[in-house]
Amino acid sequence: MIQTQRIVVIYDSITNSVFISQVLNPLLAWLNGDKKRTATVISFEAIDITNHPTRARIAQEKRITLIIRKRIPFFGRLSLVYAAAVVRRIAKKKPTERIIARGP
């Protein structure tokens, strides 16, 4: 079965210096492999990124859905309960074979 939906979880922000080279460019290459493919990027942000150029670049690609959620301060494993619940809720709505996570 050909994978047509991918979810990418970013916990250290799309404003991170390596996001474009390590996440966005490979994701765009994967999308270009088949016109039926789509992707959802879930980004946990500590600050408002409304006017950030990376957000504008993601918005140009119609097959990428960007979901931004507030990132709470990291206090260990317990802090990730919120993030896991968000990802679980979205993954139930968007059937996918692969979830890729990046972050500290």
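Author: Begin with pairing: two strands count as paired if DSSP finds at least two bridges between them. This is a predicted model. In it, Ser 43 stands opposite Ile 68 of strand 3. Strand 2, residues 38–45, pairs with strand 3 in the parallel sense over seven bridges.

Reader: In what order do the four strands of the open sheet lie?

Author: The order is 3-2-1-4, and the pairing is parallel. Strand 3 (64–70) and strand 4 (98–102) stand at the edges with a single partner strand each, so one side of each has no neighbour in the sheet. On average, neighbouring strands are turned by 15° against each other, direction ignored.

Reader: Are the two faces of strand 1 covered or open?

Author: In a regular strand the side chains alternate between the two faces of the sheet. Here, Gln 5, Ile 7 and Val 9 are buried on one side of strand 1, and Arg 6, Val 8 and Ile 10 are buried on the other. Thus both faces are covered, and six of the six residues in strand 1 are buried.

Reader: Which strands does helix 1 lie across?

Author: Helix 1 (residues 19–32) lies across strand 1, strand 2, strand 3 and strand 4, at about 175° to strand 1. Helix 3 (residues 80–93) also packs on the sheet, touching strand 1, strand 2, strand 3 and strand 4, and its direction makes about 160° with that of strand 2.

Reader: Which residues of helix 3 are buried?

Author: A residue is called buried when its relative accessible area is under 20%. In helix 3 these are Ala 83, Val 86, Val 87 and Ile 90. Seen down the helix axis, they fall within an arc of 95°, so they line one face of helix 3. These buried residues pack against strand 1, strand 2 and strand 3.

Reader: Which exposed residues does the face of helix 3 turned away from its buried side carry?

Author: That face carries Val 81 and Lys 92.

Technical notes: Residues are numbered from 1 along each chain as its sequence is written. This is a predicted model: local features need pLDDT of at least 70, side-chain atom pairs count only at pLDDT 80 or more; totals for chains, interfaces and linings use all residues. Side-chain values use heavy atoms; hydrogens and water are left out. Axes are lines fitted to C-alpha atoms, for helices over the stretch in contact, and angles run from 0 to 180 degrees between N-to-C directions. Contact means heavy atoms within 4.5 Å. Buried means under 20% relative accessible area, exposed over 50%, partly exposed in between (1.4 Å probe, protein chains only). The arc is that of the directions from the helix axis to the C-beta atoms.
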